[in-house]
Every structure is written in structure tokens, then in C-alpha cells.
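Notebook open, viewer running. I want to write down how the pieces pack before I forget.

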Amino acid sequence: MHVIATAGHVDHGKSTLVRALTGMEPDRWEEERRRGLTLDLGFVWTSLPGAGRIAFVDVPGHERLVGNMLAGIGPVPAVLIAVAADQGWQPQSEEHLAVLDALRVRHGVLAVTRADLADPGPVRDDALARIAETSLGKVEAVPVSAVTGAGLEELRAALVRMSAALPEPDRAADVRLWVDRSFTVRGRGTVVTGTLAAGTIRTGDRLALASGDRAVVRVRGLQSLKEDRDEVGAVARVAVNVHGSGADALRRGDALLTPGRWITTGLLDVRLHGDPAADLPRHLVLHAGSAAVPATVRPLGEDTARLTLERPLPLRVGDTALLRDPGRHRIPAGITVLDVRPPRLERRGAGRARARELEKAAGAPDGTSGGRAQVRRRGLVRRTELMAMGVRPPCEPVAGDWLADPGHWAGLRRALVRAVEEHAARHPMDPGLPAEAARRALGLPERALVRALVDAEPRPSLEHRDGRVYGSAACPRLPPRVRRAVDAVRTELRAAPFRAPEAHRLAELGLGPNAIAAAAAAGELLRIGDGIVLLPGADDRAAALLARLEQPFTTSEARRALDTTRRVVIPLLEHLDARGLTARLDNTRRRCERPFERAAGAPDG
């Protein structure tokens, strides 16, 4: 399907023309038909050989109804412009063309209507010259009379050619359906309509509401051109029957979104296409999709500005919209969104500095240069957030979903090395900086980033073990008193490798928990449980001895084979289980998991 909007001055025959093309009545209200004046959006369609189905969004042409016109034309990729041969170019012709130019619409056909009442040539030439100076550029022009039927076949052929030139929509894209109509159907609930510009909607889908608390509604049913559908892909006119909290509050200007893939923003930096930023009124109305939101304008550079919106909208980098001055019936500028998460401007000169940054911003979501700039400014940013902003990730994540600017990442690693060195200097017996303390010191949002920094190049300046970060050469420096106590324990263990010192003996030697931890970190002792230490390598020696037993073996058999006590053998066996050297079969029996080549000699030390 292709969706085309109409545009043109009031009473230039837009509705009459689409009625003649489709055989359907675009004016939905009795008052519209009685007055012969389109007041709101109308929707009709037809099928054309070579183009398939074409749906028309018929918009009002009166100057007081430009807001309604904008709600219909915002998401539509192509336009049918009507100019009457007997009246020529008129004020709303000019304003509608300004709207199309501001929205960067690039595909259109000019219909010179009422060609049976006046020579269409002069009006055609004037209109084509005006249109050529806008984003539409060169378009086909067809003189036509909806009364006599002259030119209708030629117009249909021109619409087919224009449709063939339209870009292929991305049906796998995230859904953002701008609501242009909302009503209630008895027995079904809320139904909203809109032009689906990208993505695919299916029955059963869950879609988030852009407004309020971002509630999620379920798609109960779909129609496209009055036909029930299981799914509808872009580009298409679609009616969506939704159910859920907040569904009954949906109105024109709201949007239905793919959950978790969009962010709403009330603050954005934009590039202007039109009047210079300094000439813009401070208060204008931003028209985006079907939404119309009051906006406060802060000029930054000559063609850049910051907009503060009265309510947040689901916008992305690269989106086009326009600023309208409703009091003066003017479109002073179209906009291209450059940033939907801009930095605060709090310091003197921050606005000028931001303007210099934005000079290089392309506002193109399909390139990686914008992504690099976004990551560079933020230092760290989630990949999903960047994509929700409409920016292509420029690199692979450093950890989880996190992207990092290379310069910022290198600075974080240097800061981590300094933090580890300072901690080791302050705590020589316990030189490992806890990972959580490292996270807080560096201001990182997740602890996984600490581990990623440790593993980053250049290595091996840092090491991560047991939830702590060590310098590669860091080793606890045992004070002389602790060194003498550890040497005494090592001597006793050489005589009886699996008879760990009792708690009172450790206390007598002055080996408290911190001293034991330091000795274990230094590789002087093996800690297998709370207050239970052996020589390094004693666990391998124990596994080798246990492998000689008839398999499986009991806890008592292990205790006798190792010549130790129940106080030691139970945590030792659990330690062996954790290392995968033994496996517990039930409450009393275990088996060794692999044979040991190591001789049952003395442990290390």
C-alpha cells in the first residue's frame, strides 16, 4: 500500500478530486458534506494497476484548520497538491507548501484542478516554479477536471509513477504509530487510526503509550482499509483496536510504540530549515507526527536551537518536524532533530560551545559518525539507549550493553590503576581494592564495568580475583609479627599437613581474620573455611590421597586417610567439591572425579 496526503488552498477541489479518483466520500461529517468544506481528516482509497492500493489522507485547506492538516500529513511520505486553474496560487497553497518543505517531503504530484474552467497552463507553470524551490523539487503536473473526468487517467498514471519512486519502508523497524483519530466501538472498546510509516503491527502485540506512565496496551484487532488483518506492515493506513489501562485516554497526537525501544523527550537540540534562529519567536508550536505541542525556543547557533516542550514526545535523531506560529499563520522553520538527550547548558558560554558541537552533527540516524559523537559526549552509554535515540551504535559493547568512548575508557582504566595502587599503599596487608569500592570511586553504573576495565588492554597491569582488584605485582606485605606467626603455622603443618591449628592456637599467635586473609592472598596459607588454614597445595595432596581409596568413600574414611579431624575434613571436602576434584553423591559418600598423577609427597612450602 502507498499513502498519499492532499494539500492545497480551501475550495481548490482536493476532496472532489479524491472522490473522483476513488469513488469514495472523504468527508466523514454531515456538516462537511452540507457546507462543502472539509473540516477534518478524511480517508479514502483505490487500487491502481502498477501501484496496488493507494490510500489518500484528505486534509482541510482552510487557514484555521492547518493544525488538522498537519496531523494528517506529518507521517505521510508523498503528497497530491491541488491548485485550481481558475484561482491560481493562494495563501493556503503557500502555507501548505511551506509545511511540505519543512517536513522535507520529497515525492509529489501537482494536479491543476478545474481545468475545464480556465487555461491551466499559467497556473501550472507558476505552481511548478514555486514547488521546485522546495524539498519536493521537480514534480509531474497534470491538468484535470473532476467534473468532466478529463485528465483523471493521466493523473492516475502520474500517481503510479510517483508511487514507484517511493523508498521501500522498513517493516522490521520499531513501531511508532502517531494517532490521528480515536473513537470507541461498542463491544470492542478503543480504536485508533494512523499512518504506519515503518514497522509491522500484529494482533496480540503489546504496544506502549507514549504519554503518561508509558502503560502497555494489547492489540485486540487490526483493520486496514476496512479489512480485518492479522498483521499490517508499513506503509499503511491502519485501525488498531487496543485494550488496557490508558487505552480510553488515547487522543490525536498520542503515539503507540514498540515497548522498551523508544524514549520520550521534552528537551531536544535541532537544526533549523527556514528563518535564522535569532529571528524566531520565543514561543512556537512544534508539530511532529500528529502531535502539536507548545515549545520554547532557545537559539544556539545561526541554524541550531534548543526546544523545551510542554510535554514529552517520542522523537529520535533524524526526525523531521516543523515549528509553527499559529498567531501569524506562519511556518518559520522546519527542524531536523540532532539530539534527544542534550547536555544541560548551565555555565556561561555553554550555549555557544554547544552550537559549535552541533555544527558537525548531521542529524542522520543511518551513519556511525553521529553515534561516535554521542558516545564521546556521554563517555558511557547503553547500546539500547543509543538505539532508542535513533543513533546507530558505532562500536561493540565493552561490557554487557555498555558502549564506551575509547578516550574516556582509557582514562577510566588509568584511574582504576591509581585507585588500586592507593588502596594497596594504605592497606599493605590487604592490597586488593573491592570491586564495589572501585565502582564507586570511578562513578561507574555497574560493577561489570570494573571487571571489563581490568581485562582491557594493556595487560597485565591489573588482576581480578575473589571480588577484588589487585595490581599485577601486588602482594600483601606481611608485618614482621604476622610473618613470624605464619611461619610458625607453616612449620606445624609440615609435620601434620591436615591438622589445621585450632582457633585458640591462631589467637595465641595473633592471627586474626585480617592477618589470615593477607597470608592467603600472599600465597602463604590456604584458607578452606572460617578460621581453618592449611599449606598451599594441601588440597591437591588430599585429593591424591583420597583417589587411592576404594570409590566411593565416606567422610569417616576420608578423615582417617588424611589423619585429621571432623572439624577440618568437612570444609576440606566441600572445598574439593567446589574445585571439581571430588563429587558428593549423598549425605555421606563422595568419589574422586579424576585420577591424580601428583605424588603424595609433602605439600608446598
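**Sheet and its helix**

I started with helix 6, which lies across strand 1, strand 2, strand 3 (52-58), strand 4, strand 5 (107-113) and strand 6, and runs at about 170° to strand 5. Ground rules for myself: this is a predicted model, where local features need pLDDT of at least 70 and side-chain atom pairs count only at pLDDT 80 or more, while totals for chains, interfaces and linings use all residues. Residues are numbered from 1 along each chain as its sequence is written, and side-chain values use heavy atoms, with hydrogens and water left out.

Helices (H or I, at least four residues) and strands (E, at least two) are DSSP runs, numbered from the N terminus. Axes are lines fitted to C-alpha atoms, for helices over the stretch in contact, and angles run from 0 to 180 degrees between N-to-C directions. Contact means heavy atoms within 4.5 Å.

Next I traced the sheet: open, 6 strands, order 2-3-1-4-5-6, and the pairing is mixed. Strand 2 (42-48) and strand 6 (140-143) are the edges, each with a single partner strand, so one side of each has no neighbour in the sheet. On average, neighbouring strands here are turned by 25° against each other, direction ignored. Two strands pair if DSSP finds at least two bridges between them; strand 1 (residues 2-7) and strand 4 (residues 78-84) have 4 bridges and pair in the parallel sense. I found Ile4 opposite Ala78 in strand 4.

**Helix 1 on helix 6**

How far apart are the axes of helix 1 and helix 6? I get 11 Å, with helix 1 (residues 14-22) and helix 6 (residues 152-165) packing at an angle of about 85°. The two are therefore roughly perpendicular (65 to 115 degrees; under 35 is roughly parallel, over 145 roughly antiparallel, the rest oblique). Leu17, Ala20 and Leu21 of helix 1 make the contact with Leu152, Leu155, Arg156 and Leu159 of helix 6. By class I count 6 nonpolar, no polar and 1 charged residues there. For the classes, Ala, Val, Leu, Ile, Met, Phe, Trp, Tyr, Cys and Pro are nonpolar, Asp, Glu, Lys and Arg charged, and the others, Gly among them, polar.

**Helix 15**

Then I jumped to helix 15 (residues 513-521), whose buried residues are Ala515, Ile516, Ala518 and Ala519. Their arc around the axis is only 160°, which puts them on the same side of helix 15; the arc is that of the directions from the helix axis to the C-beta atoms. Buried means under 20% relative accessible area, exposed over 50%, partly exposed in between (1.4 Å probe, protein chains only). Pro513 and Asn514 are exposed on the face turned away from the buried side. Cover for the buried residues includes helix 13 (480-495), helix 14 (503-509), strand 28 (526-529) and strand 29 (532-534). Just after helix 15, Gly523 has a positive phi of about 80°.

The axes of helix 16 (residues 538-546) and helix 18 (residues 566-579) come within 10 Å and cross at roughly 90°. That makes helix 16 roughly perpendicular to helix 18. Their contact residues divide into 6 nonpolar, 1 polar and 3 charged.

In helix 17 (residues 555-562), I noted Thr555, Ala558 and Leu562 as buried. These span an arc of only 60° around the axis, which puts them on the same side of helix 17. Asp563 follows helix 17 with a positive phi near 50°.

Leaving out residues up to four places away in sequence, Thr564 touches Phe498, Arg499, Arg559 and Val569.
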